[in-house]
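Student: I would like to learn how to read a structure such as this one. Please show it to me, and I will ask about single features.

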Amino acid sequence: MTITITDQHRNQYHSQGYFTLKNVVPPSQREALIQAIKDLMERSIQTGQPELRWINKDERIPGRIGGILEPSRLQPGFADSLANGPYFSVAEQILKSPARYCVCGILAGGGGEKYIQGWHRDTAPIEGERELAVLQRNYRLYTQINAPLYPDRFLQIVPGSHLRKSSEEELDVLHNNPTGDLPGQITVELDPGDVVFYYNNLFHRGYNPEGELRWTMHHGFMVANAPIYDVEAGQDSWIGQEGYIESLPEGLQVYVQRYLDRCGDGPAPKIREIQD
Ligand SMILES: O=C(O)CCC(=O)C(=O)O
């Protein structure tokens, strides 16, 4: 599916650090994903593989699931949704560059299990002399999405906090009460079919204090020619297996191949640092 983003989307992403596309994942794709998650759970229960973290196994309530393209967790529905959905092509428009696979997973929760993250930037320091330089460098390299299969009111963000140093007030909360409120915070309201694209160094957190049902796809995209950073390194151990890339739908192969093409021998640079 190809979606062309508008100047309004670009401007909002630049000034606020995110935008939402409403109703862009059709019901058929969402149903296929729900079935894929159910199949994965049954496989895990029947064979013991893959091991999943369960909130309640009897009620089939899984915890967060990472690495959904790894052979042990891969379901055709996961790969098809990435091949046919709007994710990579919109990420490329945001990054103004060819993109590559970086990470893919599912923010799963429910069963009353509380999920309250501390406020954070994923891949930048919250203070210090390199804070701004890392924020600016990584802004050009990476973007990510949440795409819910059920209504999702669990991502909180501070719009506009992504390309500036943390304020004194923010640092006070982060150091002394990291699960407290931040000035200007909002909840991103998503319904099935919606996708939020956001820069992961926007101050954000997952916040689901009642442990309500959540199955939300969560994927990250890197500029194709960026080095393989520490946070995504090592995935060539399965992407590089003979026949793996060819087993994926054609529309996904190129993005995963680009990951492999960037793998080298040296140590992966640290994404939270600027190398001198
Ligand atoms: O739960 C969410 O929506 C955000 C997840 C997140 O920020 C993280 O895992 O770093």
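Student: Is Arg164 buried, partly exposed or exposed, and what is its relative accessible area?

Tutor: Buried means under 20% relative accessible area, exposed means over 50%, and partly exposed lies in between (1.4 Å probe, protein chains only). Arg164 has a relative accessible area of 29%, so Arg164 is partly exposed. Before we go on, two notes on the source. This is a predicted model, in which local features need pLDDT of at least 70 and side-chain atom pairs count only at pLDDT 80 or more, while totals for chains, interfaces and linings use all residues. Residues are numbered from 1 along each chain as its sequence is written, and side-chain values use heavy atoms, with hydrogens and water left out.

Student: Which residue does the side chain of Arg164 meet in a salt bridge?

Tutor: Side chains of opposite charge can pair when their charged atoms come close. A salt bridge here is a side-chain nitrogen of Lys or Arg within 4 Å of a carboxyl oxygen of Asp or Glu. Arg164 meets Glu170, at 2.8 Å from N to O. Glu170 counts as buried, at 2% relative accessibility. Elsewhere, salt bridges that share partners join Arg153, Glu189 and Asp191 into one network.

Student: How many salt bridges does the rule give?

Tutor: The count comes to 12. One of them joins the side chains of Asp194 and Lys22, at 2.7 Å from N to O. Asp194 lies in the loop between β8 (186-190) and β9 (195-198), and Lys22 in the loop between β1 (18-21) and α2 (27-47), so this pair ties together parts that are 172 residues apart in sequence. Asp194 is buried, with a relative accessible area of 3%, whereas Lys22 is partly exposed at 48%.

Student: Which residue forms a salt bridge with Glu42?

Tutor: That partner is Arg60, and the closest N and O atoms are 2.6 Å apart. The pair links distant parts of the chain, 18 residues apart: Glu42 is in helix α2, and Arg60 is in the loop between β2 (54-56) and β3 (61-62). Both are partly exposed, Glu42 with a relative accessible area of 29% and Arg60 with 30%.

Student: What kind of peptide bond joins Gln49 and Pro50?

Tutor: A cis peptide bond, with omega about -5°. Pro50 is in the loop between α2 and β2.

Student: How many helices and strands does the protein have?

Tutor: Helices (H or I, at least four residues) and strands (E, at least two) are DSSP runs, numbered from the N terminus. The protein has eight helices and 11 strands.

Student: What radius of gyration does the protein have?

Tutor: The radius is taken over C-alpha atoms, and the globule rule is 2.2 Å times the number of residues to the power 0.38. With 276 residues, a compact globule would have a radius of gyration near 19 Å; the protein has 18 Å, which agrees. The C-alpha atoms fill a box of roughly 50 × 45 × 35 Å along the principal axes. Of the 276 residues, 50% count as buried.
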